[in-house]
Amino acid sequence: MTPSARAAAAIQILDAINAGAPAEAQLTRWARASRFAGSGDRAAVRDLVYQTLRRRRSHAALGGGDSGRALILGALREAGTDPATILDGSRHGPAPLTAQELKAGRPPSGAEASDLPDWISLRLQQDLGPDFDAVASALRGRAPVWLRTNLARATTADAQSILAADGVQAIPDSRCDTALCVTSGERRLQASAAWRDGLVELQDLSAQMACAALEIAPGDRALDLCAGGGGKALALAARGARVTAWDIAPARMRDLPRRAERAGAAIEQAGALGPKGLYDLVVADVPCSGSGTWRRTADAKWRLTPEALAALERTQAEILAQAANHVRPGGTLAYMTCSLLRSENEAQVCGFLTAHPDFRLKTSLSMTPLTASDGFFLAALVR
Ligand SMILES: C[S@@+](CC[C@H](N)C(=O)[O-])C[C@H]1O[C@@H](n2cnc3c(N)ncnc32)[C@H](O)[C@@H]1O
């Protein structure tokens with residue numbers, strides 16, 4: 001595909017997202033319907049769509065509107081590309097630039113330039129203080145790809161060289177002894193021997209740092225109460241915990257048996273009636289705004305509303321109360337979010353401790369792209 005044809009595809013996908021389609025589903029639909037698009041084209045269109053979604057507000061200002069076409073016009077202007085070379089009316093490309101489009105657009109100002117909705121921008125300014133500008137700026141960029149080495153199967157150095165033999169370059173990170181940051185060849189990852197043999201899993205650095213901060217003795221019983229795809233459950237199992245996984249939406253755990261098998265981990269799933277009994281460690285990786293991961297789920301930041309956030313916060317408090325019932329005396333409740341907002345993090349912990357005087361805060365970690373990778377919060381609460 002030519003650069004113009006890729007831009008036309010991105011415009012079509014962005015228009016569908018504007019009409020309410022989830023970004024990931026729309027990209028998949030486009031890829032299935034576009035057999036002519038090679039893997040390089042699919043990756044380029046995907047990058048263009050996601051980068052535009054991350055910077056939707058500033059691109060709308062630069063492009064003079066928020067249609068898919070105006071957003072791509074804004075993206076081209078931001079990149080310093082002459083829009084007339086892409087919006088050129090070529091075969092499979094977008095229609096030529098109009099005189100009106102040539103005149104439209106202006107530099108973004110204030111919250112527009114930080115690419116956040118106004119209400120979120122105000123909340124994050126309060127919560128992040130002097131870090132706000134740098135964090136907002138980081139959220140406008142692409143997230144690095146991080147791998148967690150499965151130390152039950154390989155050392156980080158071994159995983160690094162086995163990945164390199166398959167064309168995936170990755171470097172260790174001093175902040176976490178399981179972490180490898182992929183520097184090139186990420187598209188070869190899932191065909192690599194290291195992936196196939198369960199030596200590595202995709203997991204962001206911040207989530208790895210949170211799991212590594214938990215005290216786990218081999219054989220400890222751990223309950224992952226919001227297991228989803230099982231990222232935390234697998235990390236705990238790799239450290240020797242005997243893990244039981246549960247999720248209110250069991251379909252979200254469908255990949256877990258396959259991932260556990262690949263990693264050589266035994267993860268039990270609690271029955272339909274939910275988990276029973278007491279555990280040494282209960283992880284509540286609760287549903288949240290995902291504000292710490294908006295680099296990866298860029299459409300979510302434009303969809304979040306104050307009402308939806310308030311509903312999430314109620315669910316978080318309910319899950320915390322449920323999780324507390326499964327912590328043995330002396331055991332730990334690990335509350336986790338991938339949010340940057342105090343109302344989902346410190347404020348939830350504060351409310352929980354007030355209602356549960358038998359718990360005390362042992363450790364808390366608030367990570368941002370400035371200190372780790374995704375925005376992520378952990379509070380380890382001991383009973
Ligand atoms: C942030 S995701 C979990 C991600 C997962 N731990 C991982 O590492 O891949 C939150 C999960 O909580 C689940 N959930 C929502 N409400 C719940 C509840 N009341 N009890 C248990 N799980 C719940 C959702 O279905 C979702 O899978």
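In this predicted model, the ligand is surrounded by 16 residues. Cys-226, Gly-228, Gly-231, Ile-248 and Asp-285 are the closest of them.

**Ligand shell**
- By class, the shell around the ligand comprises seven nonpolar, five polar and four charged residues.
- Helix α13 (231-238) contributes at least two residues to the shell, and so does helix α16 (306-324).

**Annotated span**
- An unreviewed UniProt entry carries the annotation "domain: SAM-dependent MTase RsmB/NOP-type" for residues 135-383.

**Helices α4 and α5**
- The axes of α4 (residues 56-63) and α5 (residues 68-79) are 7 Å apart, and the helices pack at an angle of about 90°.
- The two helices are therefore roughly perpendicular to each other.
- On the α4 side, the contact involves Arg-56, Ser-58, His-59, Ala-60, Ala-61, Leu-62 and Gly-63.
- These residues meet Ala-70, Leu-71, Leu-73, Gly-74, Ala-75, Arg-77 and Glu-78 of α5.
- Seven nonpolar, four polar and three charged residues make up the contact of α4 with α5.

**Helices α8 and α9**
- Helix α8 (residues 118-128) packs against helix α9 (residues 132-139) at an angle of about 130°, with 9 Å between their axes.
- The orientation of α8 and α9 is therefore oblique.
- Leu-124, Gln-125 and Leu-128 of α8 form the contact with Phe-132, Val-135 and Ala-136 of α9.
- This contact contains five nonpolar residues, one polar residue and no charged residues.

Technical notes:
Residues are numbered from 1 along each chain as its sequence is written. This is a predicted model: local features need pLDDT of at least 70, side-chain atom pairs count only at pLDDT 80 or more; totals for chains, interfaces and linings use all residues. A residue is near a molecule or strand if its C-beta atom, placed from the backbone, lies within 6 Å of it. Helices (H or I, at least four residues) and strands (E, at least two) are DSSP runs, numbered from the N terminus. Ala, Val, Leu, Ile, Met, Phe, Trp, Tyr, Cys and Pro count as nonpolar, Asp, Glu, Lys and Arg as charged, and the others, Gly among them, as polar. Axes are lines fitted to C-alpha atoms, for helices over the stretch in contact, and angles run from 0 to 180 degrees between N-to-C directions. Angles under 35 degrees count as roughly parallel, over 145 as roughly antiparallel, 65 to 115 as roughly perpendicular and the rest as oblique. Two residues are in contact if their C-beta atoms, placed from the backbone, lie within 7 Å. UniProt positions are given in the numbering used here, feature names are shortened, and annotations may be inferred rather than shown by experiment.
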